[in-house]
Amino acid sequence: MFNAIEIEKIRSEFPILSALSGKRPLVYLDNAATAQKPQCVIDAVSRFYSGGNANIHRGLYRLSAEATAAFERARESVARFINAREPRECIFTRGATEAINLVAASWGMKYLREGDEILLTQMEHHADIVPWQLVAERTGAKIVAAPILPNGELDVPAWKNLLTERTRFVGISAMSNALGVVNPVKELVAAAHAVGALALVDGAQSAAHGITDVREIDCDFFVFSGHKVFGPTGIGVLYGRAEILNAMPPYQGGGDMIEKVDFSGTTFREIPERFEAGTPNICGAVALGVALDYFSPLRLAAAEHEAALLRYATEKLTAVPGLKIFGDTPNKASVISFQIEGIHPSDIGTMLDTYGIAVRVGHHCAMPLMKALGVTGTVRASFAFYNTFAEVDAFVDALLRIQKMF
Ligand code: PLP
């Protein structure tokens, strides 16, 4: 938990948080879509291009060697952040979406056969559904979607019943982006392993809320995006067990990922380079490393602060007449998804913007979840550790004013 002075200090490190939205102070409650960046990350980007820019791995000169060292140091920061056994198990990708596509295209195309099943949940983000549909179409594998309960939680017994000897792969969101519901990933991964399936945990949301420990979860793959953990866009991570990654074929071909290229045949390097064809987002990786080093020591206190904000906001919103919260369970983090009777979510979002309040409305890239809940969309407010109780007050006051206009 942070006190008022600590929160002010933290907020002062994020320049955008003192910006105006029109004439009003910005109240940024769309952190599940993307988080804001601290000055140290902004400076890292600027510093890299002002004094550190060179291509990596191939240069013999000092600047290239330094850029390579900075890129690999960032990989070490990622490994520390998620407690990977070794940095080489952390592959840089464009984000969580590309990381899942990598696993689906590489592992899926090599190992899935007709009749095999991929077990997903109804609360997956489209990024953990569509890549599997693409691979299922090509391999004849079948996608099975485990249901959710009316309160938005995963129906764990139903999920376990759907897990059979045909299940080769499971994809589980650690935390729903649309509802904030948190899944018992460790238990689900253990159950998947018991039937011989591999497990991918989508940590795009969970990585910014609490501690991630891939060894504790014991997952085979873990993915997250840099921009949701206070780093830049265009950079993310695929963690995978070394032995599984090294047995997978390359996802893309090109420079840096090969041992030897000949028209009679090409051989590939081991991880991480095997999956990092071409010039990567070097600056993005370096700045992500800075973001993770900045955020790591704050994580526990941040999660406590966010939990307090969530409790406070939930209490206040529950008192708003006609307001219904989706994902009405204590097993959740940092997100409130709701509708207000008689007002379209888009109208709420547009009106909140006139008060300087940024929230997201719509299906949140989780159409199957919306369908299961019987809605087409919700209003979603999502908190980060730099949000304040005063911002929650401003948000709820604005909602009450908006409600009076309808
Ligand atoms: N998975 C979840 C749970 C998400 O919330 C998101 C983004 O909102 C993604 C995957 C995809 O992340 P990105 O768009 O950064 O690749």
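What follows is a set of questions and answers on this model.

Mentor: Some ground rules. This is a predicted model, where local features need pLDDT of at least 70, side-chain atom pairs count only at pLDDT 80 or more, and totals for chains, interfaces and linings use all residues. Residues are numbered from 1 along each chain as its sequence is written, and side-chain values use heavy atoms, with hydrogens and water left out.

Trainee: Which strands stand at the edges of the open sheet of seven strands?

Mentor: Strands (E, at least two residues) and helices (H or I, at least four) are DSSP runs, numbered from the N terminus. Two strands pair if DSSP finds at least two bridges between them. The order is E4-E10-E9-E8-E7-E5-E6, with mixed pairing. One side of each edge strand has no neighbour in the sheet, because each has a single partner strand: these are E4 (90-93) and E6 (142-146).

Trainee: In what sense do E5 and E7 pair, parallel or antiparallel?

Mentor: E5 covers residues 117-121 and E7 residues 167-173. Ile118 stands opposite Phe169 in E7. Three bridges join E5 and E7, and the sense is parallel.

Trainee: At what angle does helix H3 run to E4?

Mentor: Axes are lines fitted to C-alpha atoms, for helices over the stretch in contact (heavy atoms within 4.5 Å). Angles run from 0 to 180 degrees between N-to-C directions. H3 (residues 62-82) lies across E4, E9 (221-225) and E10 (236-240). Its angle to E4 is about 115°.

Trainee: Which helix packs on the open sheet of four strands?

Mentor: That sheet has the order E13-E14-E17-E16 and antiparallel pairing. Its edge strands are E13 (323-326) and E16 (360-362), each pairing on one side only. The twist averages 30° from one strand to the next. The helix touches E13, E14 and E17 (378-382), and its direction makes about 10° with that of E14: this is H14 (residues 389-405).

Trainee: Which residue in E14 stands opposite Lys324?

Mentor: E13 and E14 (residues 335-340) pair in the antiparallel sense over four bridges. The residue opposite Lys324 is Gln339.

Trainee: How many residues does the hairpin between E11 and E12 run through?

Mentor: E11 (residues 258-262) and E12 (residues 265-268) are antiparallel, with four bridges. Lys260 stands opposite Thr267 in E12. The number of residues through which the hairpin joins E11 to E12 is two.

Trainee: How much of the ligand's accessible area does the protein cover?

Mentor: The residues around the ligand (a heavy atom within 4 Å) include His125, Asn177, Asp202 and His227. Accessible areas come from the Shrake-Rupley method with a 1.4 Å probe. Of the 400 Å² that the ligand has on its own, the protein covers 85%.

Trainee: Where does the cis peptide bond fall?

Mentor: Most peptide bonds are trans. Here omega is near 0°. Pro272 lies in the loop between E12 and H10 (282-295). The cis bond runs from Ile271 to Pro272.

Trainee: What is the phi of Ser334?

Mentor: Most residues other than glycine have a negative phi. Ser334 sits in the loop between E13 and E14. Its phi is positive although Ser334 is not a glycine, at about 60°.
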